[in-house]
Amino acid sequence: MKLVDELKSKKDELATWRQHLHANPEIAYEEKDTSNFVAAKLESFGVEVHGGFGGTGLVGVIHGNQGDPASGNAIGLRADMDALPMSEETNLTYASQRPGRMHACGHDGHTTMLLAAARHFAQTRKFHGTIYCIFQPAEEGGNAGARSMIDDGLFEKFHMDSVWGMHNWPGLEVGRAVAHCGPAMAGADIFILTIEGKGGHAAMPHLTRDPVAAAGLCIVALQTLISRQLDPFDHALISLTKLDAGSAYNVIPANATIGGTLRTMEADTRLRMIRDIEAVAQNAAATVGCNVSMELRPGYPPTLNHEVDALFARDIIADMLGPNGLETGMKPVMGAEDFSFMLNQKPGAYIWLGAGLESENLHSPHFDFNDEILTIGASLWVRLAESKLAQTR
Ligand SMILES: [Zn+2]
Ligand SMILES: [Zn+2]
């Protein structure tokens, strides 16, 4: 492993920062102390700090000294800062001091790795252009801190040619990393189908339009959507998870609802599935004279790495961690990630960084970020950014 020497020597200090953040977790949009900690560190490194993005989100701006920064490229490196609303069960000396709050996804580590890289950039400035260190709120829980920062003008205020994200990955060995070419994480949407019929006496169904019978037909028909209508080489998942109708045994209700989740890997598949779910349900319900309307609650879009950037990241990973450090055989997962909102607007890639085979799973009450990878992740940020900004525009 070709780590950055200066970072290797700071291993213990970085673990101290990480464990401080671990002991003081804050959930989505409440990351006030975390944001203050990050801002204070950045200012102490001589980094220009801009707050006011997505509430607690902030951006550290670092210009290189290899030529006029304005004529170079600009890149964004992103870390998430939020914890989860759950109770920690690790018994660590630095376990959460805040009941019902826990860093169970390793965002304490992500924040630390980017801070360590920011200090290195500020001290050396050996690049041509500008590095934006993006510290975002609220990755967890569906309220998309990444989108909030974009809505607050992140990309208007700061021009970036590409954006990059990194997440620790349990189940992948320490010293290995993944950059998918294409989909890395799924998009997740919620849909609610409301079936409108005509209520009436249970003994006189011919005078009604029965939404319960329609719901049954819809459920069966929707099972065929993926098996019979989706191209076998595309990826999508539908789970129907909620069903609601009726209040009495002798009354046919006027309406029924079916709720579920849609997971997709490609943007066009997602749009087609959204359209087809409503159409298939409508056609099925029409056989008993009912109508269907669909409410879509959009979640995070699929996380789609741009191929050129994923290949660039792979080169950096292979060079820094050795040929065995680059893992290319891991499939994407059906979980979702709000960095997708940034990748929808800018080229770039999202990297999984091995957290070790022994690591507990993400979101487990026993999870703890592996401090052994702090210097690996920070070094990867440094190599990636410096190499990217060595390229001419
Ligand atoms: Zn998570
Ligand atoms: Zn996470």
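A crossing of two helices is right-handed if the near helix is turned clockwise from the far one by less than a right angle. In this predicted model, helix 2 passes helix 3 in such a right-handed crossing. Helix 2 covers residues 11-23, and helix 3 covers residues 32-44. Their axes come within 10 Å and cross at roughly 160°. Angles over 145 degrees count as roughly antiparallel, so helix 2 is roughly antiparallel to helix 3. Helix 2 contributes W17, H20 and L21 to the contact. Helix 3 contributes T34, F37 and K41. By class, three residues of this contact are nonpolar, two are polar and one is charged.

Helix 7 (residues 211-229) packs on helix 8 (residues 267-286). The angle between them is about 140°, and the axes lie 8 Å apart. Helix 7 is therefore oblique to helix 8. The crossing of this pair is right-handed. On the helix 7 side, the contact is made by A214, L217, C218, A221, L222, L225, I226 and Q229. On the helix 8 side, R272, M273, D276, I277, V280, A281, A284 and A285 take part. The contact of helix 7 with helix 8 has 13 nonpolar residues, one polar residue and two charged residues.

A further packed pair joins helix 9 (residues 307-321) and helix 11 (residues 374-388). Their packing angle is about 125°, with 10 Å between the axes. This angle makes helix 9 oblique to helix 11. Helix 9 passes helix 11 in a right-handed crossing. From helix 9, the residues in contact are D309, F312, A313, I316, I317, M320 and L321. They meet I376, S379, L380, R383, L384, S387 and K388 of helix 11. Sorted by class, the contact of helix 9 with helix 11 comprises nine nonpolar, two polar and three charged residues.

The model was also examined for open space. Rolling a probe the size of a water molecule over the atoms shows where empty space is left. The largest pocket has a volume of about 450 Å³. Its lining consists of 23 residues. Of these, E139, E140, Y300, A336 and E337 lie nearest the centre of the pocket. By class, the lining of the largest pocket has 12 nonpolar residues, six polar residues and five charged residues.

Technical notes. Residues numbered from 1 in each chain as written. Chains lettered and ligands numbered in written order. Predicted model: local features only at pLDDT ≥ 70, side-chain atom pairs only at ≥ 80, totals over all residues. Heavy atoms only, no water. 1 Å grid on protein atoms, 1.4 Å probe; cavity = no way out; pocket = protein on both sides within 12 Å on 5 of 7 lines; lining within 4 Å. Points joined across faces, edges and corners; volume = space filled by probe spheres on them. Nonpolar A, V, L, I, M, F, W, Y, C, P; charged D, E, K, R; others polar. Axes fitted to C-alpha atoms, helices over the stretch in contact; angles between N-to-C directions. Helix = DSSP H or I, 4+ residues; strand = E, 2+ residues; numbered from the N terminus. Parallel < 35°, antiparallel > 145°, perpendicular 65-115°, else oblique. Contact = heavy atoms within 4.5 Å.
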